[in-house]
Each structure stands twice: as structure tokens, then as C-alpha cells.
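Here is a brisk tour for someone who has not seen this structure before. Keep the 3D view open and follow each stop in turn.

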Amino acid sequence: MGILEVKNVGKRFGGLQALSNVNLSIAENTVHALIGPNGAGKSTLLNCLVGKLIPDTGSVMFDGQSVLGRTPYEINQMGISRVFQTPEIFGDLTVMENMMIPCLAKRDGVFKLNALRTLGRDAEIRDKAEQMLIDMNMIEKREMHSASMSRGDKRRLEIGMCLAQEPRLLLLDEPTAGMARADTNNTIDLLKQIKAERDITIAIIEHDMHVVFSLAERITVLAQGTPLVEDVPEKIKGHPKVREAYLGESAAAA
Amino acid sequence: MLGLGKKDFILLGIVAALVLLAPFILNPFPADSALAQFNAGYPDLMQRFMIFGIFAVGFNILFGLTGYLSFGHAAFLGVGSYSAVWMFKLLSMNVIPAIILSVVVAGLFALLIGFISLRRSGIYFSILTLAFAQMSFNLAYSVLTPLTNGETGLQLTLEDPRILGVSQTAAGGIPVTNLFGMEMRETTTLTLGGWAFQFNNGYYLCGALLLLAFYISIRIFRSPFGLMLRAVKSNQTRLNYTGLNTKPYTLAAFVISGMYAGLAGGLLASMDPLAGAERMQWTASGEVVLMTILGGAGTLIGPVLGAGFIKYFENIFSKINDNVLHSWFHILPDSIENAVIWVVEHFVGSGWHLTLGLLFMLVVTFLPGGLVQGGQKIGRLFRRRDAAAKATQSTPAE
Amino acid sequence: MDAIILQILNGLDKGSAYALIALGLTLIFGTLGVVNFAHGALFMIGAFCAVTLNKILNLSFETLDPTRTDFLGNPLKVKTPYVESWFGPDVGAAIIDWSVPLAILFSIPVMIAIGFIMERGLIKHFYRRPHADQILVTFGLAIVLQELIKHYFGANQIATPAPDAFRGSFDFGAMLGLDPNVIIYPYWRLVYFAFAAVIIGGVFAFLQFTTFGMVVRAGMADRETVGLLGINIDRRFTIMFGIAAAVAGMAGVMYAPINSPNYHMGMDFLVLSFVVVVVGGMGSLPGAVLAGFLLGVLESFASMNAIKSLIPGIDQIIIYVAAIIILLMRPRGLMGRKGVMED
């Protein structure tokens, strides 16, 4: 029984069957990659997991509880955090303020009217946010306006914000899209380090095969809205079906 | 101190000193001098500075922090005024119950309107609040005449059944509003040389409440709640995916700012016990928006400055008439004098609203951060020049 | 039955005005992505075009008529409008009589010019600014325009009559074979409705059947892609702004005889037109028209005496109540699409 169990999920947009019969099980404390050509339904599936979309059929269970019909913030509070393709951070706020928000969300829940409490004196939150910034190696940027940082730093901050919530499952949607090689390698190292230091399950959607094969312990290949194969990376590499559906395409292009 | 950081405490101290000394500061010209018309140190106007300061400080909690632009806040001010007058009519001429009721009723009204309007964001939200305010205006103006006395406005009469008090004074007049016997309209005048300084009870009550309102606003700005409101403005998607529900945060901000507006409305009625529908009109809602952005939305002190600025110039501009203009420009040759006056008279007297509209456009276009940002820019310019000067001075020493 | 037909008819003229203003608002929304709080002011300026033309045509000179005397025995002063002396008394009087329809011709260039100046001089600089700034700057502009009108025309309503030929009413009930004298409808309101129908039809035809309209519609759907095709979308949008201004202006001109213009009529209509736009669905042109007529007719029903005696004052707030109910049930409005103007 995995931490995330997706059963028979289907989703239709008008005439397009984006997902059909998706079955997926992600085991606890693994790094599981979802790959597939453009339009394979990877992002749709991800959106079904976090509450942005509701599948037409099937079930999605996280840790024995259904996530269907719940809002994104409820699902997040259950222990699923999401990193976006383009970093979603609070651009108007400083790095430290950015980091304090997930710490508050973890402690105080979906809403708390603590309007007369002084944030600057909340040692618990401040210490936790600072520790997280140290872990992310960005403590010296704490007073920086977060919108003015590089894309790599924004990504690092966003991952840090997700980790500050101590999620059990971290979803990453193409975390290295649009990044330079150096930034990509930094992100890979960061994710490896996170995996080594924490009890956390990571599901990652990625186009960059270098990233996938550096990180993933299991890989599911999605094509035309349905899983094609699921196996360990070594087997996926040589799998004829995958070559045909996906790698063949990129190999030919290369 | 008071749970504030050093900077914030100093800011609060400055505002407190300004409130306390306003009767002197706003009265720089001797009473019989030609410049006395620029004095603002009389009770009625000073009360307005404080009351609209409270209104704008509250509006800023919603607009400045969350970015939700409400075009209907005058409705809450009006509701506050009506509630206060009813309290005077039915219960007592003491302002405390009236003010409490106006805050509570405005808060409940804001809860209702906010609950519906906040289902949408952005432009939709602005339009919905505008529509609600206009509906409230129509309700007050005609539909709910038994409650609001329609066009005439709600006033005290000699027949009011005041439970804790008398319907008429011994002299047969309408009793006046008071704070445990201290009459709001009572003014002490201190004459020093040519100057006449006026100290009014009502003004100091308004001042004390402005300080309280300002203090609470600082606390909100520095609280985790305040951080969440700024996060709402910055990125709602991330907030949702960080396990936070944006709705109750924005609704709470909406209700709090509605209660501030109610307090302002209750105070208006406490100073002068009448309430009319025109207080709820969209122009009134627009005015508080202008005060906030003129001062600097999202800054602490901005709305107070903006409110003071607008109310001061409204007062001065409205007083200027043709005679005053002629006396100003009489040194010019006649033809030029007439041309100048022809231009200027558009903007003064009853033309104040035209000035207000132009000010609106100019501020939004050229100074979106308001006076506070403008001041900061100028300050930075000087500091840079200072730093440059120091740098040149220190070079030879090296 | 009679009463229902009468109320529907009564609702049509107000509904037409709402629909015309909401149509312009939606065009500007959809094309430029700007919320124009000054659009009501354009409607008001249109109405004052009618007032102005009426005043110009009535400019008179005075002559002494020696054949008649006033009560003091002096020769009587007679005012003769210039147009009457130029074109002869009959033609001149007819021109004055038809000043409102003539004002349409007068208003089109004026409104297009105002629209161009507004867009190029002000709105253009706000495309990339937050919506709040756009709302605020156009709101300021609305105040400026209405205060200028107040300065020059005063605060009172100015009666601007329709041509004599349309001043009467006709018996619509008798036409339908119902009892006579039950459904009486003023001619001018019918003219207004027909006029609105023509304008609305014209705008839709223009968008539907011309290349220009096709590009604009494509731009409304996806501005960036159209821009990538190398089409100068900005210039077309400027023209659309002028057209929207002209539509609002003509709606104002023709409305002048129905409700004598005053300086704040623009804002009164604007708030309701916004409600109309929101109810119809932001960015949907058919939605704006549909909601305009719907709410106009609804308002007219609410002002029936039978209903007003049940719920006093309902006519003042019915539109808002209806809007709230519709928005609670359909948050995107009647014909709103997902993803349009949502942020």
C-alpha cells in the first residue's frame, strides 16, 4: 500500500480524454518520476492530486484518505505540497517573510485571526523560518525582496517553503524547466540532499531525462492519458515501448 | 513598548503629539490677519481630520494590505451614522453606546456584503461593492424611510423617547451629545496675543479614538494576520497551496475595515447628531479611496496624511470665492487678472470636486505610492547627495 | 395581460440604454482589458451634445416689431433664431424641432474625438498597470468630466424635447386588438428602442462581417497571439474605443428627451450598467445586451403599483437584488466564460 494510491482515474475536457484508467501507486519514502511526451496528461494528473481539478471517475487516496472534493488548501494540510513549473512565491515580500508563511500555516492551520499578535516576537516561527533558510543555504538573502532574485533562487525558496510545512509528499512540476545547466545541477543536488535528510516521498514530473535518471527510484511513463509502464529507471531506459512512445522521439530529435 | 517595535512606537508618539497639539499647529496665523483663512484649528474641521483619518486607516487595512479595492465603504460609514443617531434617539445622549452600536452594526453589515462580494476578486469585487453601496444609498434615500427619514435625513426631535435621559432639556431644547456629562460641543478658547486657540471636547474624543485606531492598525500590520493579508495581495495561488484559506482572511480584513468606517460614521453623528443618505454615495466612497492612495496605500501613516490633506484643502478651496481671487491677483494687469481668475475659479468654491477629480488622476498616474513614497524618494535623493558629498570629502584623507 | 405588455414596453427604453452602455463597456473591457469608470460620463456628454445643439439652434437675435407694443407702449422685442432667418421660418422651425435627431450627426464626430483623446492621452498609459489603477484613474476622469459639465450647464435638469411628430403616444393595445386606451406608449420611446436595436445590430454586424471586426474579436479572445501575427492590434483597439464612445454618446443623445439631462446622469447609469455587465458575464457582448434588457424590464415590473404596494420601494433596488441572486447562482454571470477577466 503506497502513500498515494490513484485508482482508475479518468478526466475529460470536452472532446478530449485527457486521462483514462490511470492507476498509480507511490510508495512511501521513494522518489517517483512521471514522464511522458507533451500532452500525455502529466499536468492534468498532478492537478487531480492537489485539488485543482476533480477527476470524472476513479479515486485518489492519500495515506488512506480520499482527496477528491477537497480544496487545494485542505489537501495541502493533509500533507501534500506542490512546487510549480514557474516558481510561485510571494514576490512582494522578503525572503524571510515568504518562509514564515508556511511555518505559520503548519502551526496555525487554514485560518487564524491572530491580528494583535506581533510576528517579530514569535520566536518559534522566526527560529523555524531561519533554520529553514539556513538549510536552503539562503540565510544571507533573508531581507531580500524575493521578486528580485534569480530563477534558481526562487525555485530554491519555493522548495524550502514547501519543506517548511513538513509535507509527507512533495510534488514537483518540472522543477528545472527553463533553468541553466548549473541551476539544474544545483536543484538536483538540493533534492538529493533533501531526500537524504528527511523522511519524505517525492513525486516529480520532468522532461529533462538527466534530472529524472539522477533522482528517480521508480518511473511511470504516461502516454495519451494512460500509464504505459512503471518500473525502476534501469529497466525504463531500455524498454521498447517507452522508446517508441517517448525516448525514441527525443533520441531521433537529438 | 505597548507591544510595538521602536520605530512604530516613535511613529505612534509623533501622531499622538500631533493630535494633542493640533489646536496650536493648525492655527499658525493670528485671528485677524489676512492669512487667518488658511487656519484649520477650529473644532469642526479638526474633528473631521480625526474622523476621516480613522476611516482611511481602516480602508487601508483592506486595500493597502490585501489589494481588494472596495468602492462601497461609504455605506458602512452611513450605517454607522444612522445607528448612532438611533441610539441617541432611543437610549441616551451619551456617545459611548452610540459608538459601540455603530461599530457593531457596521461590522455585521460588512460581514453580509463582504460574504457576497468576496466570492469574486479583482474588478468584479470593486463593481459588486459599488453596486451594494448604491443599493444601500437607495435604501436609505427612499425605501427605508421609516428608519432613515429619507431625503431629509435622520435628526433628533423634541419627542424622542430617550430611555436613559430626557426628551427635552429644562429650557425646552434638544439635549446635546456628551461623554458622561462632558458635552461634545464644548470648546475652551485660549487667547494668546492675536491668536485664538480652541480646545474642543469632541475633538479630543475623536483624537483619542484615532490614536486607538492607529495603534490597532500598527498591531495588525505587524501581526501574522497582517502578513497573510499582504500574501493575499502578492500571490493567492501560493497561499492556497500553502494550506491557507484566503476567504476568511479577506473577509476578516473587510469586516475590520467596515468596523473602522462604522466608528467614523458613529463619531460623525456624535459630533453632530444627524445622518443623511448622501454620506453613503459613491462620491464619498471614492473620497476615502483617494485619501488612502494620496497618502500612500499600504503604509501606516499614509492614510492619516491623505485624510488630513484632502479635508484641509476641501475646506480651504471651498471658501475661496471671486472676491478672494480678485484680492489675490489685483496686482496683475486687468486682462491677465481676468484670465487667471477665469481659470482658477473652475477649481475653487463649488469647483472643489473638479480639483478632487484631477488630483485623483494625477496621483494615480504620477504618484501611485502616494505622498509617503514621494517623501521617501525625495529623502533618498538627499541622502544620496549627502553620501556623495561625504565621499568627496573623505577622498583626500585616504 | 395588458399590464404585462405595458411593463415590458416600459422596460424596453431603459433596458435599451443599459444595453447600449453595457455594450460599450464590454467592448472596451474585452479589447483593451480596461475597466472604464468614465463610460457613464460619455453617455452623459452625449446627452449634453443634444442640449448644446438645441441651444445653438435656438440662438436668436432681437428685433423691434413696431406693429406691436408691449404693456408699457414700447415697440415689442421679438426674438428670432438665426436659423429661422437663414432658412426661412418654416425650415428653420423644423430644424429646431428636429434638434435631437440632428444632434446624433453632431455627436458622432465629437464622441469619436473624445474617445480618441481619452484612449491616446490617458488610458493607453494604463494598459500595463493594475486594474485598481485603471479603475481609479477613469473614476477621477469621470468626476472631472461631470464637474466640467456642471460648471458650464448648471446642476439642474435641462429639458430637451423630442420632435413634435414623436411627442404623442399611440395606442399599442388597440393595434393588438386589445381594449383601447390601456396600453399607451409614447412614440419617442419606441423610436429609442428601434434606434438601440439598430445600433446593437450594427455593432454586431460590424464585428461579425468585417475583417476589422474579425481581428478585434480575435484580439478579444487572445490578444497576444493576434499581436504575434504582426497585426497592429493597438490601432484597431483605439478605433474600438472611439466606436464605444460614439455608441455611448448616441445612446445619451437619444435619451435626452426621455429624461432631461443633468450632470450626474452618467454615474447613475454607470453603476447600473456595471451591474448589467457583471450579470451578463464579463466580456460577453450578447450577455451585456441580454442582461440590459432583462434588468430594464425587471425594473419596470417592479415599479408597477400592484408590486410596489406589496413591497414598497422595490423598484429602487430590484436590479441589485436580482444581480446578487444571479451572481450567487452563476458566479460568472449569465453568459460569462471561464477564464475571462478573472484576475
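Helix H1 of chain C covers residues 2-32, and its 31 residues reach 44 Å from the first C-alpha to the last. That is close to the 45 Å expected at 1.5 Å a residue. The model is predicted, so read every value here as computed from predicted coordinates.

H1(C) has a bend of about 30° at Asp13(C). Most of the helix is covered: of the 31 residues in H1(C), 24 are buried.

## Chain B as a whole

Chain B holds 16 helices and six strands. Along the principal axes, the C-alpha atoms of chain B fill a box of roughly 85 × 65 × 45 Å. Does the radius of gyration of chain B agree or disagree with that of a compact globule? It agrees, because a compact globule of 398 residues would have a radius near 21 Å, and chain B has 23 Å.

Buried residues account for 48% of the 398 residues in chain B. Now take the contacts in chain B with a separation of 6 or more. Of these, 73% join residues 24 or more positions apart.

## Helix H2 of chain B

H2(B) runs over residues 43-66. Its 24 residues should span 34 Å at 1.5 Å a residue, and the end C-alpha atoms are 34 Å apart, so the two agree. Where is the kink in H2(B) centred? It is centred on Asn60(B) and is about 35°.

H2(B) is mostly covered, with 22 of its 24 residues buried. Gly67(B) follows H2(B), and its phi is positive, near 80°.

## Asn27 of chain B

Asn27(B) sits in the loop between helix H1 (6-25) and H2 of chain B. Is Asn27(B) buried or exposed? Asn27(B) is buried, because 20 other C-beta atoms lie within 10 Å, and 20 or more is the cut-off for that class.

Leave aside residues up to four places away in sequence, and Asn27(B) touches Asn39(B), Gly41(B), Trp195(B) and Phe197(B). One of these, Phe197(B), is 170 residues from Asn27(B) in sequence. In space, the C-alpha atoms of Asn27(B) and Phe197(B) are 7.0 Å apart.

## Two positive phi angles

Most residues other than glycine have a negative phi. Asn149(B) is not a glycine, yet its phi is positive, about 60°. Asn149(B) lies in the loop between helix H6 (145-148) and strand S1 (154-155) of chain B. It counts as partly exposed because it has 19 C-beta neighbours inside 10 Å.

Phe180(B) is not a glycine either, and its phi is positive at about 45°. Phe180(B) is found in the loop between strand S2 (178-179) and strand S3 (182-183) of chain B. Phe180(B) is exposed, because 7 other C-beta atoms lie within 10 Å.

## The sheet of chain A

Four strands of chain A form an open sheet, in the order S2-S1-S4-S5, with antiparallel pairing. Strand S2 (16-26) and strand S5 (65-66) of chain A are the edge strands, each pairing on one side only.

Strand S1 of chain A covers residues 4-13 and pairs with S2(A) over seven bridges, in the antiparallel sense. Lys11(A) has Leu19(A), in S2(A), as its bridge partner.

## Where chain B meets chain A

This contact takes 25 residues from chain B and 31 residues from chain A. On the side of chain B that touches chain A, the elements giving two or more residues are helix H7 (201-221), helix H8 (224-234), helix H9 (236-240) and helix H10 (246-271). H8(B) gives the largest share of that side, seven residues. By class, the side of chain B that touches chain A has 10 nonpolar, 10 polar and five charged residues.

## Where chain C meets chain B

Here the contact takes 33 residues from chain C and 34 residues from chain B. Helix H6 (131-153), helix H12 (265-280) and helix H15 (314-329) of chain C are the elements that give two or more residues to the side of chain C that touches chain B. Which element gives the most to that side? H6(C) does, with 14 residues. The side of chain C that touches chain B divides into 24 nonpolar, six polar and three charged residues.

Terms used: Residues are numbered from 1 along each chain as its sequence is written. Chains are lettered from A and ligands numbered from 1 in the order in which they are written. This is a predicted model: local features need pLDDT of at least 70, side-chain atom pairs count only at pLDDT 80 or more; totals for chains, interfaces and linings use all residues. The radius of gyration is taken over C-alpha atoms; the globule rule is 2.2 Å times the number of residues to the power 0.38. A residue is buried if 20 or more other C-beta atoms lie within 10 Å of its own, exposed if 12 or fewer, and partly exposed in between; C-beta atoms are placed from the backbone. Two residues are in contact if their C-beta atoms, placed from the backbone, lie within 7 Å. The expected span of a helix is 1.5 Å times one less than its number of residues. The bend at a residue is the angle between axes fitted to the seven residues ending there and the seven starting there. Ala, Val, Leu, Ile, Met, Phe, Trp, Tyr, Cys and Pro count as nonpolar, Asp, Glu, Lys and Arg as charged, and the others, Gly among them, as polar. Two strands pair if DSSP finds at least two bridges between them.
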